[in-house]
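Trainee: I would like to learn how to read a protein model. Can we go through one step by step?

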Amino acid sequence: MKSQRLRYQLSMTFIRGPVTALRHRDVLPDDTFIASYPRAGSTWLRFMLQETLTGLPSTFPSVNRVIPQVGFHRNAYRLPHGGRFIKTHEAFRPEYRRAIYLARDPRDILLSEYAFQKALGITTAGIDDYIDTFVRRRVNANGSWRDHARSWLNASELSPRMIRVFRFEDLRRDTPGTF
């Protein structure tokens, strides 16, 4: 927990920019990103994709190997077209030529992020103050939910065949049909 807390604290400083750029240095044009705001369901989506791709049961180590986070993607599983699936919680970036963006109701994200940060000791705020911070500013290094979602929705409007948006709630309601 201490290492997660330290990583969180560092991600909110000036060091975030250079580290983020470094993590993206080996991104290829044919890579496909699994993108979402934190706590929006990308881990669940990655579990399903990994099982579909490999035919093997998913575990956290296998998912992190097959569909790793950006920055740990060098040896990710190669897709038939030659690219890789790579997870990101970053707002849209020009390097993201292909992506699946998983959008989730921000109220559910807020509650999940609050519980996560409380468990790690990152926030001591009560829920009312936390809601205000979530809505007006940001509660993590990925910026506000609104700005993050807007960056991906705008990218999808400009390139709807390459940046696909799916709702977490649709995926939960009809997993096979949405998948």
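Trainee: Which residue in S3 is the bridge partner of Ile 34?

Mentor: This is a predicted model, and in it the bridge partner of Ile 34 in S3 is Ile 100. Ile 34 also has a partner in S2, namely Lys 87.

Trainee: In which sense do strands S1 and S3 pair, and over how many bridges?

Mentor: Strand S1, residues 32-36, and strand S3, residues 98-103, pair in the parallel sense over five bridges.

Trainee: Which strand pairs with S1 over four bridges?

Mentor: That is strand S2, residues 85-88, again in the parallel sense.

Trainee: And where does S4 come in?

Mentor: S4, residues 163-167, pairs with S3 in the parallel sense over five bridges. In S4, Phe 166 is the bridge partner of Leu 102.

Trainee: How should I read the side chains of a strand? Which residues of S1 point one way, and which the other way?

Mentor: The general idea is that side chains in a regular strand alternate between the two faces of the sheet. In S1, Thr 32, Ile 34 and Ser 36 point one way, while Phe 33 and Ala 35 point the other way.

Trainee: What does Thr 32 touch?

Mentor: Leaving out residues up to four places away in sequence, Thr 32 touches His 81, Arg 84, Phe 85, Ile 86, Arg 98 and Ala 99.

Trainee: What is there to notice about the phi of Arg 39?

Mentor: The general idea is that most residues other than glycine have a negative phi. Arg 39 is not a glycine, yet its phi is positive, at about 75°.

Trainee: Where is Arg 39 placed, and what is its relative accessible area?

Mentor: Arg 39 lies in the loop between S1 and helix H3, which spans 42-54. Its relative accessible area is 34%, so Arg 39 is partly exposed.

Trainee: Now the whole chain. How many helices and strands does the protein chain have?

Mentor: There are nine helices and four strands. Along the sequence they follow the pattern α-α-β-α-α-β-β-α-α-α-β-α-α.

Trainee: What does the radius of gyration say about the protein chain?

Mentor: A compact globule of 179 residues would have a radius of gyration near 16 Å, and the protein chain has 16 Å, so the two agree. Its C-alpha atoms fill a box of roughly 45 × 35 × 35 Å along the principal axes.

Trainee: What share of the 179 residues is buried?

Mentor: Buried residues make up 39% of them. The accessible surface of the protein chain is about 10,300 Å², and carbon and sulfur atoms account for 56% of that surface.

Trainee: What share of the contacts with a separation of 6 or more joins residues 24 or more positions apart?

Mentor: That share is 66% in the protein chain.

Trainee: How far apart are the mean positions of the positive and negative charges?

Mentor: The mean positions of the 29 positive and 17 negative charges are 5 Å apart.

Notes: Residues are numbered from 1 along each chain as its sequence is written. This is a predicted model: local features need pLDDT of at least 70, side-chain atom pairs count only at pLDDT 80 or more; totals for chains, interfaces and linings use all residues. Side-chain values use heavy atoms; hydrogens and water are left out. Helices (H or I, at least four residues) and strands (E, at least two) are DSSP runs, numbered from the N terminus. The radius of gyration is taken over C-alpha atoms; the globule rule is 2.2 Å times the number of residues to the power 0.38. Buried means under 20% relative accessible area, exposed over 50%, partly exposed in between (1.4 Å probe, protein chains only). Contact means heavy atoms within 4.5 Å. Accessible areas come from the Shrake-Rupley method with a 1.4 Å probe; for residues, only the protein chains shown count as cover. Lys and Arg count as positive and Asp and Glu as negative; His and the chain ends are not counted. The place of a charge is taken as NZ of Lys, CZ of Arg, CG of Asp or CD of Glu. Two strands pair if DSSP finds at least two bridges between them.
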